[in-house]
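Here is a short briefing on one protein chain. Look at the structure first, then work through the points below.

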Amino acid sequence: MAEDMESKDHVSSSALKNFLAGGVGGIALVFAGHPLDTIKVRLQTQPKVAPGELPQFAGTLDCAKKTVVKEGFRGLYKGMATPIFLATPMCAMFFLGSSIGKRLQQPQNPNGELSNIQHFKAGMVAAVFATTVMVPADRIKCLLQIQQTSPEKAKYKGPLDCAWKIFKETGIKGLYKGTAATLLRDIPGNGVYFMTYEIFLKLMTSEGESRADIGPLRIFVAGGFAGMMGWIPGIAPDSLKSRLQTAPEGTYPKGLRDVFRYTIREEGPKALFKGLTPVMLRAFPANAACFLGFEMALRFFNWISPSW
């Protein structure tokens, strides 16, 4: 039955399987989505221009073109080493948190079906788990992405150099700059993300099918649309996060509140939605790849060791 989506091969999979499968999904997500993520960050953090002056980037295509012309295609992949290195623990924690969130809501029936609201809550739990790795990874990634100078003149030579210099200048708190903004983005965003994924899977499941019968194409489509929907509540906080994490120390003494006040005062509400186009263009393939990688890896682990 379509209503039996939460079949044993999914919900009752161990936390370890969810952790490992999440790592596979994370690597797939980074490879599929990083170039558009670079464009998004550059659009979000480009400096304000005076009246009559042209902005540094006119839009998504202009940013992509100028990046490739000036830095080559490698410029679109700046900062990718950090999310690739941290993709496994980050998405592993993400899907681990989701599995724990599900289990907390069904202690008497671990194989029972969850409601849409329960999937939303599981996504919120996942966001809290992932934040432990997400924030420093995003901080380093964003700083590397906005560097548009030659390697010889760049402040940061790579992710490890960036992390070390941040730590020397501001300590561990510098690596976790933007935590509040990340939670503001990810708690509602990931709630919508997981809930939408399950809704789309149910809509695409025929009568008599179980979750194990759902093929890669349907998983890919459900994951893609879930990614796009998850960004609807997340784009404005993400814009604030990018500005906060890339600003020089002392620019925003009160953190997120100062970023919000300054952005609204100087550029208006529309500034909160800079980068929306590359976000949505990236959201479908990146999150489709993430869920496909996760689900296929989870099925593989269930196949090789059903008793985990």
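This is a predicted model: local features need pLDDT of at least 70, side-chain atom pairs count only at pLDDT 80 or more; totals for chains, interfaces and linings use all residues.

Residues are numbered from 1 along each chain as its sequence is written, and side-chain values use heavy atoms, with hydrogens and water left out.

**The bent helix**

- Helix α5 covers residues 116-145. Helices here are DSSP runs (H or I, at least four residues), numbered from the N terminus.
- A straight helix of 30 residues would span 44 Å at 1.5 Å a residue. The expected span is 1.5 Å times one less than the number of residues.
- Helix α5 spans only 36 Å between its end C-alpha atoms.
- Where is the kink in α5 centred? It is centred on Thr131, with an angle of about 55°. The bend at a residue is the angle between axes fitted to the seven residues ending there and the seven starting there.

**Salt bridges**

- The whole structure holds 21 salt bridges. Each is a side-chain nitrogen of Lys or Arg within 4 Å of a carboxyl oxygen of Asp or Glu.
- Lys40 pairs with Asp238, with the closest N and O atoms 2.9 Å apart. Lys40 lies in helix α2 (residues 15-45) and Asp238 in helix α10 (residues 235-246), so this pair ties together parts that are 198 residues apart in sequence.
- Lys40 and Asp238 are both buried. Buried means under 20% relative accessible area, exposed means over 50%, and partly exposed is in between (1.4 Å probe, protein chains only).
- Arg185 pairs with Asp138, with the closest N and O atoms 3.4 Å apart. Arg185 is in helix α8 (residues 179-203) and Asp138 is in helix α5, 47 residues apart.
- Arg185 is buried at 7% relative accessibility. Asp138 is buried too, with a relative accessible area of 7%.
- One network of salt bridges that share partners joins Asp37, Lys40, Asp138, Lys141, Arg185, Asp186, Asp238 and Lys241.

**The surface patch**

- Trp164, Phe167, Ile172 and Tyr176 make a nonpolar surface patch of about 420 Å². Patches are made of residues with over 30% relative accessible area and no salt bridge; like charges are joined within 9 Å, and nonpolar side chains (Val, Leu, Ile, Met, Phe, Trp, Tyr) within 5 Å. Accessible areas come from the Shrake-Rupley method with a 1.4 Å probe; for residues, only the protein chains shown count as cover.
- Phe167 sits in helix α6 (residues 159-170). Phe167 counts as partly exposed because its relative accessibility is 40%.

Methods: Helices (H or I, at least four residues) and strands (E, at least two) are DSSP runs, numbered from the N terminus.
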